Structure formats: C-alpha cells, structure tokens
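Work through the following exercises with the sequence and the model side by side, and try each task before reading its solution.

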Amino acid sequence: MTKTNAHETPDLNVDNLCSPVNETESELEGLQGDKTACGSSKFPSLNLYRYFLDGQPEYLVRYYWWAYLWPVATWFFDHQPIINAILFGQYKKLMGATMARLENAPHENTLQLTCVYGELTPKLVETVSPASLHITDVATVQLELAKSKVPNEQALLATRMNAEHLAYRDDSFSTVVLFFLLHEVPQQARLNVLSECMRVIPDGGVLLVTEYAPLPTNHIIYRFPPSRWIITKLEPFLDGFWRMDVASTLNECGKNFDKKADVVSDERIFADFYRVTEYKITSRDE
Ligand SMILES: C[S@@+](CC[C@H](N)C(=O)[O-])C[C@H]1O[C@@H](n2cnc3c(N)ncnc32)[C@H](O)[C@@H]1O
C-alpha cells in the first residue's frame, strides 16, 4: 500500500498538554543513544534487543521485545488468565465496556489500531460483520496471531504499518479503536498516533480509547510504592501517559485537519484506574 496523503507531523507545544514530568527525560535517556553502545562506558553491552529491530520502532524493540516480538512471548501472553492478571482482573469489564461503546459507533469502516492479546479482534470482527475489520500493527508476528483468530481471510484486512505514519487516506475510517496502545509509546510517538487518528477519522466518526485513567494518586496500586515501582518499570512510558491530557492533545492535533474531538462518554473502571472513552470527531466549522 502506498502513502496516499502524506502530511507533516503537527507542530505541537507539548508543554501545554502534559505536565513537565520526568518521562521526557527518561525517554530521551532511553532512546537517544546508549552510552555502552557508543563505547563511552567501561562495560560492553550486547544490546540483544537489536536482534528484533527489523524495521520496528526502537522503543518497541528495546522495551517490549519480550512481550510482543518474541514468538515464545506471543504464545505465552495470549492466554486469558495471563492477560487478565496483567490487567488486575479487569479484562472482562474493559472488553465489555469497549464492545458496548462500539455497538453504537458507525461500523462501515473500522480500524483496530494495533493488535492486542485476547478476544478483542474476533469480537470486533463479529460486531462489524458483514464489513471487514481493518487492523494495523508494526509487528508481523502480531498480525499473524490476529489472523489466526478470525473465521476467514476476508473478515480481517491486516496490514503492517507504523501507527505513527499510517498509509491510509484522510477520513478513511468511521471508527478507530485504540486498546492500550497509548501508554506503551513515548510522548512524541503518542502525539503522532493521535494526530493520525484525527487525520483518518472523518467528520462524524468515532475514536474509542481503552486505557489507563489519569494519574491514579488515590489508587492502592499507585499509593503502594512496590506496586507502583513494578508497574512503571514494566511500562516505562506509563507515567507520561498518566499525566497527558488526551482530549486536549486530540484537539490540538485536530487543528491541522480542521477537526475537533468531544468526549461523548468516559467510563471509569477499577476505581478510576482504567477508562473507556468515546470521542466524537467533528469538523471545526460546526
Ligand atoms: C496495543 S499494544 C498493547 C496491548 C495490550 N497490552 C494487550 O495485548 O492487551 C501492543 C501492540 O502495539 C504494537 N505497536 C506498538 N507500537 C506500534 C507502532 N508505532 N505502530 C504499530 N504498532 C505498534 C505492538 O507491536 C503490539 O502488537
């Protein structure tokens, strides 16, 4: 597929959209170069993660190869009890809330933006049928797994692309589903993904985001230092996502396409730890 409508990354003032936290620093530290790789450290590093690079974003390979790119991991994680444990037992509720929102969303052209473990893809396929579900991911192993879960080839149109730079035309999808992607990508990638969503969703379309809710300062998992430490170690970009105002960011991105995003519903799950948010995308003239 060729890129039909290239656009420039919007010039966003991220300082207005996110609290000035240590995410940017730690992300840059993580992504801008590796002292050991440059030889300025005494200790040589094998950088084994590079084995998985294969055209994928460096943050994905470096921080998540063990979860999404290693075939053993894809087999291991794609089991209901494992996914449910990762989501603190909330998988069913999160899926249920997401599917409930989708029931009312326009189904003509639906995009699942990146693959996920579990039942989401087959459930989406069922809901949008007889239309096909579009799915995009940068990892071939994930696309293959998604394809293995659907009844026939026509039901799922799977393409390998980077969610930050989609090769779809403007206004291509009546609904886009983002299920736990945003907290897994660094800040600039997050802005690029949200900008792409605003570009590919037309006036009247819907963006469904299932994610962590804003900084859960009162939640036991956040208040208890060991659990907060573990979760932010496993999810190095989560702290930045917790502090990001998604609605403002979408609207900032939307200016480039004369569109705006309004929150239609925002369901909180697990004592405000997770959220399922439906945004209606409309033209700014309205
Ligand atoms: C949706 S997220 C997390 C899903 C969630 N933890 C689950 O499985 O339920 C994981 C997926 O995003 C994909 N991904 C991450 N960054 C991407 C990017 N920039 N473009 C396309 N796919 C990306 C990974 O390859 C992986 O398949």
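**Exercise 1.** How many residues does helix 6 have, and how far does helix 6 reach from its first C-alpha to its last?

*Solution.* In this predicted model, helix 6 runs over residues 91–104 and so has 14 residues, given that helices are taken as DSSP runs. From its first C-alpha to its last, helix 6 reaches 21 Å, which is close to the 20 Å expected at 1.5 Å a residue.

**Exercise 2.** Determine which residues of helix 6 are buried and which are exposed, and where they lie around the axis.

*Solution.* Begin with the buried residues of helix 6, which are Tyr 91, Leu 94, Met 95, Ala 97, Thr 98, Arg 101 and Leu 102. Because they cover an arc of only 165 degrees around the axis, these residues are on the same side of helix 6. Then turn to the other side of helix 6, where Lys 92, Glu 103 and Asn 104 are exposed.

**Exercise 3.** Identify what the buried residues of helix 6 pack against.

*Solution.* Among helices, the partners are helix 5 (80–86) and helix 7 (120–128). Among strands, the buried residues of helix 6 pack against strand 4 (175–179), strand 5 (206–212), strand 6 (259–269) and strand 7 (274–283).

**Exercise 4.** Describe the shell around the ligand by class, and name the residues that come nearest.

*Solution.* Sorted by class, the shell consists of 15 nonpolar, four polar and three charged residues. Of the 22 residues around the ligand, those that come nearest are Thr 114, Val 116, Val 138, Ala 139 and Ala 163.

Notes
Residues numbered from 1 in each chain as written. Predicted model: local features only at pLDDT ≥ 70, side-chain atom pairs only at ≥ 80, totals over all residues. Near = placed C-beta within 6 Å. Nonpolar A, V, L, I, M, F, W, Y, C, P; charged D, E, K, R; others polar. Helix = DSSP H or I, 4+ residues; strand = E, 2+ residues; numbered from the N terminus. Expected span 1.5 Å × (residues − 1). Buried ≥ 20, exposed ≤ 12 C-beta atoms within 10 Å, placed from the backbone. Arc of directions from axis to C-beta. Contact = placed C-beta atoms within 7 Å.
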